[in-house]
Structures are given as structure tokens and as C-alpha cells.
Amino acid sequence: MKKVWQVVIIDIHPTSMLGTKLILEEQQDLTVRGMTSTGTEGLDLVNTYQPDLILMDYRLPEGQADQYIAQMKNLSAHSHIIILTDEDNVKLFRHLMSLGASGMLSKQASPSQLIHLISGLREGHVSIPLSWLNSAEWAQPVESPTEARVIELSETETFIMERIVQGVTYDKIANEINVSRRSIDNYLRKIYVKLEVSSRAQAIERYALHARQVKTGS
């Protein structure tokens with residue numbers, strides 16, 4: 001008998017979320033452990049349940065799902081993340097996969113397509129529409145990511161970024177390293193320059209990807 005996969009659903013539409021839950025739980029090997037409409041609460045659910053599968057809406061109240069993919073993989077490295085989107089976009093798919101997602105599915109997809117995608121992940125396969133293989137975007141070479149360059153952060157800067165990725169508040173980080181809140185802002189300005197980003201979400205995304213590359217040696 002197959003292992004029962006634990007699932008977390010993050011969807012801004014409650015009705016759609018409930019419908020997805022019912023579809024999944026018709027399968028004997030899937031059980032939904034938590035549901036929420038926000039990325040922040042989604043992080044808490046992922047940290048609590050360490051799910052095998054995360055179904056996440058691409059557009060969330062706090063912004064796009066990009067910023068949460070790396071954080072969720074940091075909290076639960078084994079979790080597969082499927083992004084649900086209205087966009088049938090090869091470029092977006094490749095971008096999401098580079099962040100650590102395991103697949104992308106149209107919100108208009110049928111229940112059987114969702115189950116097929118999940119079944120493929122169980123076997124170690126990623127499913128994509130055949131039409132993508134003939135698209136001009138698919139034929140384009142993958143660009144070398146800027147994240148692959150050497151990023152040199154000090155020990156304190158690294159600690160601050162690790163804690164930010166974990167969702168710790170700036171005030172708590174300041175207390176942990178015995179500095180003022182203003183000092184944390186100063187550190188962040190330096191970190192943003194080194195990471196070549198302009199926002200907290202971008203910093204989390206780039207740092208988490210950099211950390212994975214360091215671990216894998218790529």
C-alpha cells in the first residue's frame with residue numbers, strides 16, 4: 001500500500017480550497033492536514049505538519065507565491081510544491097522550478113489532471129503540457145542565474161538572513177545578537193546591496209537559493 005501523503009492547501013478562494021480538499025481525499029493515499037488563505041499562515045502549517053505536498057495559489061494576499069517557495073523548502077526540504085495559477089506560461093513554470101517548486105497546474109485543470117500530476121511526483125516525474133514542448137519559450141536556453149555568483153556575507157549577516165528566512169521578526173533578531181533595531185536596518189541595507197535586491201521578499205528568495213547551491217556544491 002502506498003504511503004499516505006500529508007497535504008497542505010494554500011488558496012485565496014475558500015470554495016476552491018474546499019473543492020480541492022474533497023478531490024484529494026477521494027484518494028486513499030492523500031489526506032489534507034491544513035488549509036489557509038495566506039502565505040504567512042501557510043508557513044506555519046508547513047512548519048507544523050512537514051507535509052509531503054503543498055498546493056499553493058500563485059497569487060496570495062501578501063503577494064506572489066515566489067517569496068514563500070524558498071522559505072517552505074527551508075522549513076520542509078522534502079515537500080513537493082505545486083503552484084496553482086491562471087497563467088499557462090512556460091517562462092513562469094521554469095522560474096518556479098528554479099525556486100524549488102515541483103510543478104505548476106492551471107486552475108482550470110480537471111481533477112484527473114491534478115491527480116495525474118501528484119501521481120507523477122510519487123514516481124519522481126514532473127508533468128508538463130505537451131504543447132509547451134513546441135513553444136518558442138521552451139526552446140530557449142536556460143539563462144545562467146545571477147544567484148550562482150559568489151555571495152559573500154559576514155557571519156552576522158548570514159545569521160540575520162537565516163533568521164529572516166525562518167520568519168523571525170527584526171526586533172527578535174536584534175535582541176538575539178544584542179544590537180539595536182536600527183542596527184538591523186543598517187545590516188539589511190548592506191545585505192541587500194550584496195544580494196543585489198531591493199526588498200525583503202527578494203532577499204529571502206535569493207539567499208535561500210544561494211544556500212541550496214552551497215549545500216549541493218552547484
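Biologist: Let's start with helices H1 and H5: within what distance do their axes come, and at what angle do they cross?
Modeller: In this predicted model, the axes of helix H1 (residues 14-25) and helix H5 (residues 111-122) come within 11 Å and cross at roughly 60°. That makes H1 oblique to H5, since angles under 35 degrees count as roughly parallel, over 145 as roughly antiparallel, 65 to 115 as roughly perpendicular and the rest as oblique. Axes here are lines fitted to C-alpha atoms, for helices over the stretch in contact, and angles run from 0 to 180 degrees between N-to-C directions. Helices (H or I, at least four residues) and strands (E, at least two) are DSSP runs, numbered from the N terminus.

Biologist: Is the crossing of H1 and H5 left-handed or right-handed?
Modeller: H1 passes H5 in a right-handed crossing. The near helix is turned clockwise from the far one by less than a right angle in a right-handed crossing, and anticlockwise in a left-handed one.

Biologist: Which residues make that contact?
Modeller: From H1 there are Thr-20, Ile-23 and Leu-24, and from H5 Pro-111, Leu-114, Ile-115 and Ile-118. Contact means heavy atoms within 4.5 Å. These residues divide into six nonpolar, one polar and no charged. In that count Ala, Val, Leu, Ile, Met, Phe, Trp, Tyr, Cys and Pro are nonpolar, Asp, Glu, Lys and Arg are charged, and the others, Gly among them, are polar.

Biologist: And H3 with H4, how do they pack?
Modeller: Helix H3 (residues 66-75) and helix H4 (residues 90-99) pack at an angle of about 30°, with their axes 9 Å apart. H3 and H4 are therefore roughly parallel to each other, and their crossing is right-handed. Asp-66, Ile-69 and Ala-70 in H3 meet His-95, Leu-96 and Leu-99 in H4. That contact divides into four nonpolar residues, one polar and one charged.

Biologist: Switching to strands: what order do they take in the sheet?
Modeller: The order is E2-E1-E3-E6-E7, in an open sheet of five strands with parallel pairing. Two strands pair if DSSP finds at least two bridges between them. Strand E2 (30-36) and strand E7 (103-106) are the edge strands, each pairing on one side only. Neighbouring strands of this sheet are turned by 25° against each other on average, direction ignored.

Biologist: Which helices pack on it?
Modeller: H1 is one of them, touching E1, E2 and E3, and its direction makes about 165° with that of E2. Helix H2 (residues 39-49) also packs on the sheet and touches E1, E2 and E3, with its direction at about 140° to that of E2.

Biologist: How many bridges does E3 make with E1 and with E6?
Modeller: Strand E1 (residues 5-10) and E3 pair in the parallel sense over four bridges, and Leu-53 in E3 is the bridge partner of Val-7. Five bridges join E3 to strand E6 (residues 80-85), and these two also run parallel. There, Met-56 has Ile-83 in E6 as its bridge partner. Ile-83 also stands opposite Met-104 in E7.

Biologist: Is E3 mostly covered or mostly open?
Modeller: Strand E3 (residues 53-57) is mostly covered, with five of its five residues buried. Buried means under 20% relative accessible area, exposed over 50%, and partly exposed in between (1.4 Å probe, protein chains only). Leu-53, Leu-55 and Asp-57 point one way from E3, while Ile-54 and Met-56 point the other way.

Biologist: What about the phi of Gln-50 and Asn-178?
Modeller: Most residues other than glycine have a negative phi. Gln-50, however, has a positive phi of about 45°, and Asn-178 a positive one of about 60°. Gln-50 sits in the loop between H2 and E3 and is partly exposed, with a relative accessible area of 31%. Asn-178 lies in the loop between helix H8 (170-176) and helix H9 (181-195), and at 71% relative accessibility it counts as exposed.

Biologist: Last one: is His-210 buried or exposed?
Modeller: His-210, found in helix H10 (residues 200-216), is buried, with a relative accessible area of 14%.

Biologist: Anything to know about how the values were made?
Modeller: Residues are numbered from 1 along each chain as its sequence is written, and side-chain values use heavy atoms, with hydrogens and water left out. As this is a predicted model, local features need pLDDT of at least 70 and side-chain atom pairs count only at pLDDT 80 or more, while totals for chains, interfaces and linings use all residues.
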